[in-house]
Protein chains: 2
Amino acid sequence: MLRADQVLADAASLDAYAHDDAEWAPFEPPLAVVLAEREEDVSAVVRLAAASGLRVVPRGAGTGLSGGANAMARSIVLSLERMTRILEVNAAERYAEVEAGVINDTLREAVAEQGLWYPPDPASYRISTIGGNVATNAGGICCVKYGVTRDYVLGLRVVLADGDVVSLGRRTAKGVTGYDLTALMVGSEGTLGIVTEVTLRLLPLGGREDRAIVGSFGSLTAAGVAVAEITAAGIVPSALEIIDRTCIEAVDAWQGLGLPHGADTMLLARVDEVGAAGDELAASVARIMTEAGAMSVEQAADAADADRLFLARRLAYPALERLGPVLTEDICVPRGRVPEMLARIQATAAANDVVIANIAHAGDGNLHPLIIAPEGDDDAKARAKLAFDRIVDDCRELGGTVTGEHGVGLLKVPGARAELGDRVIELHRAIKHALDPLGILNPGKAYPA
Amino acid sequence: MLRADQVLADAASLDAYAHDDAEWAPFEPPLAVVLAEREEDVSAVVRLAAASGLRVVPRGAGTGLSGGANAMARSIVLSLERMTRILEVNAAERYAEVEAGVINDTLREAVAEQGLWYPPDPASYRISTIGGNVATNAGGICCVKYGVTRDYVLGLRVVLADGDVVSLGRRTAKGVTGYDLTALMVGSEGTLGIVTEVTLRLLPLGGREDRAIVGSFGSLTAAGVAVAEITAAGIVPSALEIIDRTCIEAVDAWQGLGLPHGADTMLLARVDEVGAAGDELAASVARIMTEAGAMSVEQAADAADADRLFLARRLAYPALERLGPVLTEDICVPRGRVPEMLARIQATAAANDVVIANIAHAGDGNLHPLIIAPEGDDDAKARAKLAFDRIVDDCRELGGTVTGEHGVGLLKVPGARAELGDRVIELHRAIKHALDPLGILNPGKAYPA
């Protein structure tokens with residue numbers, strides 16, 4: 001039974017839970033907010049909504065960047081942020097079972113105590129929940145070598161659209177019994193069921209040694225060449241990130257890190273092989289950067305030094321948010337098209353008279369152009385939206401996909417319509433209808449309905 | 001248009017295509033066999049079947065071990081074995097696009113020429129097709145470190161139940177546009193659509209050095225302890241296989257390899273880290289084997305020597321097939337339950353008076369008890385089936401899953417019914433009906449209908 005303090009309907013709460021971090025996407029205040037504490041609470045809300053013709057908008061920490069947790073008319077926002085129990089960490093079998101509201105970093109720390117590692121590291125890892133990571137199939141910096149959330153989800157507990165609860169997947173290392181409903185649920189943004197518990201595959205914590213190599217380049221193109229050459233050399237770095245001049249200057253103005261001011265682009269790489277093999281790989285990466293025309297290349301002496309070199313990357317997003325509301329893009333192009341895509345983004349910024357900063361998981365071709373409009377400038381906001389659409393179109397022209405790791409939510413619905421095509425959208429609709437015939441679970445998200 | 005030589009209806013052909021390698025599962029001769037050469041052929045057959053109320057049984061090389069390609073009443077077997085074009089190998093983006101009938105090993109060789117590697121290596125890799133591998137989500141020896149087929153499938157071309165063709169997934173490194181219909185198709189055994197083309201993620205070929213370590217143990221339990229200790233040490237071997245005394249003797253009797261005759265169990269490990277790190281890991285594995293009570297431990301001096309040490313593993317299945325028809329089990333238990341499960345299998349063999357040999361991907365907990373009945377001995381065959389069911393029940397009692405990598409097909413339908421439960425089976429049925437409302441695509445397979 002829901003206690004009174006689990007149900008919020010005051011104006012401030014309805015406002016606070018009306019949207020996630022994609023405030024540029026449409027939203028309406030919900031009718032109520034429910035803070036679920038147990039699976040039974042989730043079931044109860046879904047049953048009530050089904051009976052009353054209401055919609056349920058599931059929500060983790062609200063750090064989503066595509067509007068997947070934005071509220072809508074006749075909706076109840078169902079927050080799982082209080083479901084924070086770590087149910088089991090099994091070192092022998094290398095899995096953890098957690099409730100959906102556990103924070104990504106809390107999980108990482110808990111499993112580290114037992115010598116285990118949970119790799120997926122979205123930028124929001126200190127504040128986002130595992131349930132939200134699963135709903136959006138979140139990525140991160142280490143994906144280039146270690147894969148995304150889906151690659152670590154072995155099984156799920158899911159509340160279905162009629163309030164029934166099912167266990168999907170397994171705890172064993174392998175298993176192919178029936179359809180892969182676990183994978184279908186991952187990334188479905190709460191439109192097919194509400195994930196309450198997650199069983200995650202873990203890796204051993206040890207056996208890796210972090211080495212960072214950072215190059216400063218005079219142009220995005222030169223950095224792009226270095227990325228292509230690193231890939232062509234058969235090197236799989238554990239991170240390969242780009243930040244551009246706008247990011248560098250924003251971080252420097254904020255934190256005064258003494259970043260290379262003349263530099264147009266920084267390319268930040270990590271390798272994690274151990275011993276001499278790691279030394280050789282780091283040296284190869286540094287050599288490739290130099291040969292691609294880096295103005296300077298710095299290698300970290302140890303893990304703390306590596307973290308220092310990556311600090312500019314970690315601070316880039318908050319540094320840019322200080323400049324005004326940020327409309328965050330998330331596209332993924334073939335690795336070889338990264339320089340061309342970055343050039344097009346620069347042209348789009350100029351054509352629409354907007355500031356666009358670039359953070360990129362370059363090793364994956366996953367780019368995050370960040371479009372910044374000054375606070376309260378509606379005209380700039382309109383131009384930012386035009387730039388957003390142009391970038392999505394360009395990405396598709398270059399063989400890319402309209403969302404690499406943030407999800408379709410609401411912001412990428414038009415792009416998804418173009419990318420998927422009518423027949424594949426029909427498949428989505430058929431599956432949605434099969435699992436949620438009343439259409440009460442987060443309708444309008446995840447695919448063009 | 002189908003040419004006359006693409007449509008077979010003679011008795012010998014109907015017989016040859018009536019079942020896959022799971023002849024113990026039920027089958028009936030098909031009405032006809034169609035040898036598709038292009039996507040259009042697949043579409044045409046599906047449309048014809050839909051119009052005529054016939055069923056379509058897709059088939060690759062017919063090496064399946066669960067009966068997924070077994071023909072049924074009113075069925076057309078649709079073989080994709082002639083669709084063998086390698087459409088693209090893209091070294092810069094590290095993917096390959098191939099038709100479904102390409103042989104796993106052919107793909108491996110083709111991409112190796114460009115410095116790339118396709119890891120999944122089912123035992124049938126020399127003869128099975130990529131389409132079949134995708135349909136069953138095939139595993140193999142290297143999965144313990146490198147994952148299964150699904151982990152490498154980026155995108156698919158699929159003929160739907162109405163003959164329409166869709167492209168699912170992507171070619172980029174990441175992407176979360178819409179539901180993961182690619183993952184839903186992988187392992188669905190042709191019941192939701194027929195895969196005609198596959199886009200596969202590849203790894204760099206280099207950067208690995210094979211080292212093999214083989215220990216002979218006096219008991220399964222001792223080998224099981226070594227497996228648990230290797231895992232607990234945070235080592236992720238690139239292979240960790242067990243073969244038991246029955247396998248050892250069968251291989252030795254056939255090929256006279258001079259295997260350790262007194263040994264009850266061989267534990268075969270590989271690590272592939274380079275340089276000193278690889279040497280240290282190999283030494284650690286050898287030390288753990290010795291401490292767990294190995295009678296002898298042998299380390300390969302080089303790659304050729306490593307292949308020699310693993311030859312007994314590669315030859316085990318064909319060596320056992322010489323002894324009589326083999327009923328192949330495929331269960332997966334938590335790694336720590338491997339010794340207990342192996343002990344129960346031995347007890348089941350004794351209780352049912354059947355010969356059971358054991359091959360196990362021990363590092364994954366994925367066991368293949370091979371139940372052997374003498375040719376023509378119907379009573380032994382009946383006892384073998386009883387043993388098969390007992391093993392499935394035991395696996396579930398130990399927290400395992402009824403199929404680790406071979407698929408449900410027909411053989412594991414009863415086990416899948418128990419494992420999935422009514423509500424999850426309903427979800428399967430709803431999705432199947434959404435995508436194949438007439439139920440013409442390989443009905444009765446993959447889940448309990």
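Before I describe the first helix, let me say that the expected span of a helix is 1.5 Å times one less than its number of residues. Please also keep in mind throughout that what we are looking at is a predicted model.

With that in hand, let us turn to helix α12 of chain B, residues 378-397, which has 20 residues and reaches 29 Å from its first C-alpha to its last, close to the 28 Å expected at 1.5 Å a residue. Which residues of α12(B) are buried? They are A380(B), A384(B), A387(B), F388(B), I391(B), V392(B), D394(B) and C395(B). These residues cover an arc of only 165° around the axis, which puts them on the same side of α12(B). If you look at the face turned away from that buried side, you will find the exposed residues D378(B), L386(B) and E397(B).

What do the buried residues of α12(B) pack against? Their partners in chain B are the strands β16, β17, β18 and β19, together with the helices α11 and α13. At the start of the helix, a side-chain oxygen of D377(B) reaches to within 3.2 Å of the backbone nitrogen of D379(B), and just after the helix G399(B) takes a positive phi of about 85°.

Now let us move to chain A and its own α12, residues 378-397, which has 20 residues and reaches 29 Å from first C-alpha to last, close to the 28 Å expected. The buried residues here are A380(A), A384(A), A387(A), F388(A), I391(A), V392(A), D394(A) and C395(A). They cover an arc of only 160° around the axis, which puts them on the same side of α12(A), while the face turned away from the buried side carries the exposed residues D378(A), L386(A) and E397(A). The N-terminal end of α12(A) is capped by D377(A), with a side-chain oxygen 3.2 Å from the backbone nitrogen of D379(A), and the helix is followed by G399(A), whose phi is positive, near 85°.

A further helix in chain B is α8, residues 245-255, whose buried residues are C247(B), I248(B), A250(B), V251(B) and D252(B). Just after α8(B), G256(B) takes a positive phi of about 55°.

Next come the aromatic rings, for which a search of the whole structure finds six pairs over all chains. In one of them, the rings of Y179(A) and Y447(B) have their centres 5.4 Å apart and their planes at 55°, so the pair is tilted. Y179(A) lies in the loop between β9 and α6 of chain A and Y447(B) in the segment after α13 of chain B, so the pair joins two chains. Are these two tyrosines buried or exposed? Y179(A) is buried, with a relative accessible area of 4%, and Y447(B) is buried, with a relative accessible area of 4%.

Another pair lies within chain B, where the rings of Y118(B) and Y152(B) have their centres 6.1 Å apart and their planes at 80°, so the pair is edge-to-face. Y118(B) lies in the loop between β7 and α4 and Y152(B) in the loop between α5 and β8, so the pair ties together parts that are 34 residues apart in sequence. Both Y118(B) and Y152(B) are buried.

In chain A, the charged end of R208(A) sits over the ring of W117(A), 3.6 Å from its centre, and in chain B the charged end of K381(B) sits over the ring of W24(B), 5.1 Å from its centre.

I would also like to show you N104(A), which lies in helix α3 of chain A and is buried, with a relative accessible area of 0%. N104(A) and P122(A) are 18 residues apart in sequence and 8.7 Å apart in space, C-alpha to C-alpha. Leaving aside residues up to four places away in sequence, N104(A) touches several others, including Y118(A), P120(A), P122(A), Y125(A) and N133(A).

Finally, a word on backbone angles: most residues other than glycine have a negative phi. Where in chain B is N137(B), then? N137(B) has a positive phi near 50°, is placed in the loop between α4 and α5, and at 9% relative accessibility counts as buried. D353(B) also has a positive phi, near 50°, and is placed in the loop between α11 and β18, but D353(B) is exposed, with a relative accessible area of 55%.

How values were computed
Residues numbered from 1 in each chain as written. Chains lettered and ligands numbered in written order. Predicted model: local features only at pLDDT ≥ 70, side-chain atom pairs only at ≥ 80, totals over all residues. Heavy atoms only, no water. Helix = DSSP H or I, 4+ residues; strand = E, 2+ residues; numbered from the N terminus. Buried < 20%, exposed > 50% of the residue type's maximum accessible area, 1.4 Å probe, protein only. Arc of directions from axis to C-beta. Contact = heavy atoms within 4.5 Å. Polar contact = N/O pair within 3.5 Å; in protein donor to acceptor, adjacent residues only side chain to side chain. Phe/Tyr/Trp six-rings, centres within 6.5 Å; stacked < 30°, edge-to-face > 60°. Lys NZ or Arg CZ within 6 Å of the ring centre and 35° of its normal.
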